[in-house]
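Subject: Structure for your review

Dear colleague,

Please find below the structure that I am handing over to you.

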Amino acid sequence: RRRALALAGTAGLAAGVLVAGVGARDRASGALAQLAERSARVSAELVVRDDPRPSRGGGYVVQARVSRLSASRVPGTVGAVDLRLSVPVLVIALDGAGWADLLPSSRIAVDGALRPPQAADTVGAVLLVRGPPRLVAGPVWYQRLAGVLRAELRESASVLPEPASGLLPALVVGDTSRLDPRLKDDFRAAGMTHLTAVSGGNVAIVTAAVVAVLGSTRAGVRSRALWVAGMVIVFTVVARPSASVLRAGAMALLAAFAAGAGRPSSAVPALAAATGALVLVQPDLALSAGFALSVLATAGIVVLAPRWRETLARWLPGWLADGVAVAAAAQLACTPVLAWLGGSVSLVAVPANVLAAVAVAPVTVLGVVALAAGPVCAPLGTAAAYLAGWPCRWLILVARTAADVPGGTLGWPGGPLGALAALAALPAAVALLRTRRGRRVAAAVLAGLLVARVLLVPRLAGWPPPGWRVVACSVGQGDALVLTVGAGAAVLVDAGPDEAALARCLDDLGVRRVPLVLLSHLHADHVEGLAAVLGRLPVGEVLVGPLREPAAAWAQVSALARAAGVLVTTVGAGATRAVGDVSLELVGPLRLLRGTDSDANNNSLVALARTGGLTVLLTGDAERPQQSQLLREGVLAGARIDVLKVAHHGAAEQEPGMLAGSGAEVALICVGEGNDYGHPAPATLAALAAAGIPVARTDIHGDAAVVANPGGGARLVVRGGPR
């Protein structure tokens with residue numbers, strides 16, 4: 001039996017790798033990929049696959065499938081190109097007009113420029129588009145109806161206070177267009193993200209509710225099966241056919257058909273059949289992490305949870321044993337993939353999901369009532385949404401509390417190595433917990449680790465923290481940011497006013513060589529400390545912007561560079577530099593701005609720095625005129641910003657698109673303690689707080705580091721106060 005299981009598992013793995021590999025190779029080496037590598041300008045006909053999502057800078061991000069593509073001239077080729085194909089693409093609309101109301105299945109025509117996708121994307125190319133789309137054919141009738149229902153649910157939910165009003169549509173149909181970003185981060189930290197993505201649990205709850213209603217009628221078995229199948233199809237369309245919804249819907253349809261035919265149904269064969277059929281019909285699912293997580297969670301629930309429930313029921317009430325068994329089984333089955341994707345393992349996910357379980361069914365049922373009643377009886381829809389607000393509030397409380405637990409996430413290697421490590425650790429942990437002595441040992445070890453993680457590690461950790469990529473040095477009222485290149489080398493962005501503080505910061509970081517210095521502009525608070533580097537450490541090159549003002553500062557920088565024998569290079573938008581694994585792309589200023597309140601600030605060099613999987617937006621002292629220019633021209637549209645260096649020490653002159661619209665995970669404010677300028681402005685801090693972006697301030701926290709998590713993402717580590 002073991003050999004048969006091993007053979008079946010190997011065959012399934014081989015088939016999955018084959019299907020996924022064929023799809024990935026087609027996207028990576030096909031005609032569309034070749035055009036994207038050449039940054040070709042094309043005219044394309046697209047079929048919209050999902051609702052447009054707002055992006056930074058006022059545009060939209062749209063999942064689509066290209067059906068026809070033409071180009072009159074492609075760099076490196078001869079002649080025109082006219083292709084008919086069917087490949088998924090990611091459309092980044094730099095202008096927002098005309099995109100918000102598009103519905104799935106709409107056929108549109110656009111003109112734009114192709115770009116290669118990121119390595120983790122499951123699309124063939126990224127298409128940058130300016131201007132509104134040209135509608136070729138409207139959505140099919142059922143997508144129009146689904147759009148009306150989703151809009152009515154948002155309207156009904158508007159009676160609730162924030163963030164519950166944005167959470168309700170996310171919980172019911174996966175509509176996250178109004179979901180508070182900070183709450184979204186809390187759900188992710190608590191391991192509850194699946195609740196806002198419409199998981200199989202939503203489908204199961206809706207199906208169970210329909211069966212319960214039909215149980216009070218005289219409908220026969222076949223009629224009930226047809227009603228259930230119809231409701232599953234309708235809900236799948238309204239909630240959008242994501243990977244988890246497709247998996248759950250396919251299983252529900254198989255169960256309904258089996259019931260209608262008078263045949264018994266079993267969860268494991270239904271899961272296997274649904275998974276195999278979906279991958280054959282839609283091979284892209286073989287590359288979908290969401291689909292893998294949905295299948296694994298379901299497998300854990302149907303295989304492991306029943307036996308665990310029986311064991312737990314000896315010590316716990318039945319309802320609690322059910323909740324713990326289901327949550328633990330799903331989390332255990334998904335852990336290898338979660339470790340691969342996130343480079344971390346959540347220690348609070350199981351208790352958080354157990355506490356959340358009591359609210360999921362009520363909010364889903366009441367939300368579906370509000371969804372269905374809204375178009376025909378608005379007061380009933382509003383009343384249902386109002387009642388759904390109470391379980392929403394409970395979910396918010398659980399997510400925020402779990403996210404605030406110290407040490408709630410355990411660092412873990414990311415990628416295949418992390419997945420294999422988790423896969424090996426899980427059976428060992430299960431075997432340990434099977435014995436009474438093993439459980440006692442595990443409890444003692446976990447308690448000791450928890451105490452050490454919460455109380456001792458923060459006090460004993462040295463500086464800089466392991467895995468740091470960016471450090472904002474505390475140099476008084478000025479900027480100085482260090483990006484590590486490794487082996488004692490770093491890129492320095494600005495050299496603030498306190499020479500001694502900058503030298504101390506570099507020494508503490510172990511920086512012995514600076515291959516590149518970027519001076520955003522020539523104000524003293526960005527260049528006065530340059531002597532701590534030039535003439536003291538080996539420096540490769542100094543980059544400055546085209547505006548040589550103030551003249552005295554330019555003379556000082558030039559003299560220091562000449563004395564140290566360092567090249568000074570004038571750069572502007574479009575320039576790039578690469579040092580080790582740090583790459584810099586200058587995106588501003590696009591044009592010199594004159595006649596502003598501060599020309600030097602508004603002509604700051606603005607750069608995107610990429611290091612260790614993180615993207616850092618370096619804004620210098622750019623004020624509202626330059627920020628507006630960058631957003632208007634769409635140079636940041638589509639850029640995934642992980643770290644935001646808040647412009648001009650957090651002054652009030654900020655565009656919302658550069659703060660809340662940046663989508664950054666963390667923000668840094670370089671500012672002096674007790675400065676006379678009122679920096680950072682309360683309005684800036686309020687905007688960052690409303691966007692849910694954690695902030696480190698050098699006036700309060702001292703040196704502040706951004707650490708790259710092993711599986712992606714950024715977190716802040718501060719030193720503890722200005723020096």
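Lys 645 counts as buried because its relative accessibility is 2%, below the cut-off of 20%. Please keep in mind that this is a predicted model.

The partner of Lys 645 in a salt bridge is Asp 479, and their closest N and O atoms are 2.7 Å apart. This pair links distant parts of the chain: Lys 645 belongs to strand 20 (residues 643–645), while Asp 479 sits in the loop between strand 10 (468–472) and strand 11 (481–486), 166 residues apart. Asp 479 is also buried, with a relative accessibility of 0%.

A further salt bridge joins Arg 577 and Glu 541, with 3.2 Å between the closest N and O atoms. Here too distant parts of the chain are linked, as Arg 577 is in strand 16 (residues 576–579) and Glu 541 in strand 14 (residues 539–544), 36 residues apart. Are these two residues buried or partly exposed? Arg 577 is partly exposed at 26% relative accessibility, whereas Glu 541 is buried at 15%.

Salt bridges can also share partners: Arg 504, Asp 508, Asp 703 and Arg 719 are joined into one network in this way.

Arg 68 and Asp 82 form another salt bridge, the closest N and O atoms lying 3.2 Å apart. Arg 68 is in strand 3 (residues 60–71) and Asp 82 in strand 4 (residues 81–93), so this pair ties together parts that are 14 residues apart in sequence. Arg 68 itself is partly exposed, at 33% relative accessibility.

In the whole structure, the search finds 22 salt bridges.

Yours sincerely,
A colleague

Terms used: Residues numbered from 1 in each chain as written. Predicted model: local features only at pLDDT ≥ 70, side-chain atom pairs only at ≥ 80, totals over all residues. Heavy atoms only, no water. Salt bridge = Lys/Arg side-chain N within 4 Å of Asp/Glu carboxyl O. Helix = DSSP H or I, 4+ residues; strand = E, 2+ residues; numbered from the N terminus. Buried < 20%, exposed > 50% of the residue type's maximum accessible area, 1.4 Å probe, protein only.
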